[in-house]
Amino acid sequence: MGRKKPRPRRSFTPEFKAEIVELCQRGDRSIGQVAKDFDLTETGVREWVKQAERDARTRTDGGLTSDERDELARLRRENRRLSEDVEILKRATAFFAKETR
């Protein structure tokens, strides 16, 4: 049996996502119907709705808001950079320790 080719990854603007979330929350159509109408995956639309609810603080499922996600990503980048700096300093210390002997 032939397998379906995976859909190429697409990206959407925050404005587009907000419009889709608004359509879902309005209640005229189900999430599945909105996803079908706009050729989106139902799972993706559900995640957008959940994230919008977290950002509005109407959902408390332990997930991070968008601001918290951005901060976490920034802190992880900074942590990685600082770890690299520490590694460089360790190597430099070892190099100069050898030179002075």
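**View 1. Where H1 meets H3.** In H1, Phe-16, Lys-17, Ile-20, Val-21, Cys-24 and Gln-25 meet Val-45, Trp-48, Val-49, Ala-52 and Glu-53 of H3; contact means heavy atoms within 4.5 Å. Sorted by class, this contact has 8 nonpolar, 1 polar and 2 charged residues (nonpolar: Ala, Val, Leu, Ile, Met, Phe, Trp, Tyr, Cys and Pro; charged: Asp, Glu, Lys and Arg; polar: the others, Gly among them). This is a predicted model, in which local features need pLDDT of at least 70, side-chain atom pairs count only at pLDDT 80 or more, and totals for chains, interfaces and linings use all residues. Residues are numbered from 1 along each chain as its sequence is written, and side-chain values use heavy atoms, with hydrogens and water left out.

**View 2. How H1 and H3 cross.** Helix H1 spans residues 14–26 and helix H3 residues 42–55; they pack at an angle of about 90 degrees, with axes 9 Å apart. Axes are lines fitted to C-alpha atoms over the stretch in contact, and angles run from 0 to 180 degrees between N-to-C directions. The two helices are therefore roughly perpendicular to each other (65 to 115 degrees).

**View 3. The chain around this contact.** Buried residues (under 20% relative accessible area, 1.4 Å probe, protein chains only) make up 14% of the 101 residues.

Methods
Helices (H or I, at least four residues) and strands (E, at least two) are DSSP runs, numbered from the N terminus. Angles under 35 degrees count as roughly parallel, over 145 as roughly antiparallel, 65 to 115 as roughly perpendicular and the rest as oblique. Buried means under 20% relative accessible area, exposed over 50%, partly exposed in between (1.4 Å probe, protein chains only).
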